Amino acid sequence: MNKMREIMNEPEKTPVHYHLPGLFEFYELYKVFLPLYRKHREYFYDWCDIASIYGVLVDYLKKQYPNLYLVSTTTKVLTHFDDFKSELNRPEFKYVVPDFRLNKALNQLSGLPQLQKDKVEFILYYMTKPEHQLEVREVIYLDSMLDLF
């Protein structure tokens, strides 16, 4: 069982919905990654799903689509776990994506109350099966000359 799925108390058949940040900031990445994701689904876990790609103005969306929910993203760079927990407590966010530096804070993540765990979403890297991470990295970074990290 995937360690992240185990910590978040997710059954194996329940899909995990990923919200990809920064449509505009990471346009070059998504231009390469999304076709790879569609063409080679076998590289990625079956229980992973891309729920959204975002990067548009929140106020506009709230006015035009009042039922739309909000996701707090990694672009806030909340690198301290207490800041991340505070973000989880904000009622306006349906989901909160931790900064990648917190992805390995497994003890702290597992200690969250279930209501907070239900709001946690993870980023792209955790969608990829370990045996295919090299192929995905090669396509995204080497073949496309992207240097995002």
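## The nonpolar core

The largest nonpolar core brings together 29 residues, and F33, F44 and F84 have the most contacts inside it. At least two residues of this core come from each of β1 (16–20), α2 (27–39), β2 (48–53), α4 (81–88) and β4 (93–96). Helix α2 gives the most, with 6 residues. In soluble globular proteins, nonpolar side chains tend to be buried together.

A nonpolar core is a set of buried Ala, Val, Leu, Ile, Met, Phe, Trp, Tyr and Cys residues joined through side-chain atoms within 4.5 Å. Buried means under 20% relative accessible area, exposed over 50%, and partly exposed in between, with a 1.4 Å probe and protein chains only. Helices (H or I, at least four residues) and strands (E, at least two) are DSSP runs numbered from the N terminus.

## Model and confidence

Please keep in mind that this is a predicted model, in which local features need pLDDT of at least 70 and side-chain atom pairs count only at pLDDT 80 or more, while totals for chains, interfaces and linings use all residues. Residues are numbered from 1 along each chain as its sequence is written, and side-chain values use heavy atoms, with hydrogens and water left out.

The protein chain averages a pLDDT (the predictor's confidence in each residue, from 0 to 100) of 76, and 72% of the residues score at least 70. Among the elements of the chain, α4 has the highest mean pLDDT (93), whereas helix α1 (residues 3–7) has the lowest (58).

## Aromatic pairs

There are 6 aromatic pairs in the structure. Here, rings of Phe, Tyr and Trp (its six-membered ring) pair if their centres lie within 6.5 Å; planes under 30 degrees apart count as stacked, over 60 as edge-to-face and the rest as tilted. F33 and Y37 are a tilted pair, because their ring centres are 5.7 Å apart and their planes meet at 35°. These two residues are 4 residues apart in helix α2, so about one helical turn separates them. Both F33 and Y37 are buried.

Y45 and W47 make a stacked pair, because their ring centres are 4.9 Å apart with the planes at 15°. Y45 and W47 are buried as well. One aromatic cluster is formed by F33, Y37, Y43 and F44; F33 and F44 are also among the core residues with the most contacts.

## Helix α4 and its surroundings

Helix α4 has F81, F84, E87 and L88 as its buried residues. Viewed down the axis of α4, they fall within an arc of 115°, so they line one face of the helix; the arc is that of the directions from the helix axis to the C-beta atoms. The buried residues of α4 pack against β3 (70–72), β4, α5 (106–110) and α6.

K119 makes contact with two of these residues, E87 and L88, and also with R90, F93, K94, Y95 and V96, leaving aside its neighbours within four places in sequence. Contact means heavy atoms within 4.5 Å. K119 sits in the loop between α6 and α7 and counts as buried because its relative accessibility is 14%.

## Salt bridges

The count comes to 3 salt bridges, each a side-chain nitrogen of Lys or Arg within 4 Å of a carboxyl oxygen of Asp or Glu. R90 pairs with E87, the closest N and O atoms being 3.4 Å apart. R90 is partly exposed at 32% relative accessible area, whereas E87 is buried at 6%. R101 bridges to D99, with the closest N and O atoms 2.5 Å apart. Here R101 is partly exposed at 47%, and D99 is buried at 4%.

K31 and E28 form another bridge, with 3.1 Å between the closest N and O atoms. They are 3 residues apart in helix α2, so about one helical turn lies between them. Both ends are partly exposed: K31 at 45% relative accessibility and E28 at 41%.

## A buried histidine

H132 lies in the loop between α6 (114–117) and α7 (133–143). H132 counts as buried because its relative accessibility is 16%. Not counting residues up to four places away in sequence, H132 touches E42 and Y43; Y43 belongs to the aromatic cluster described above.
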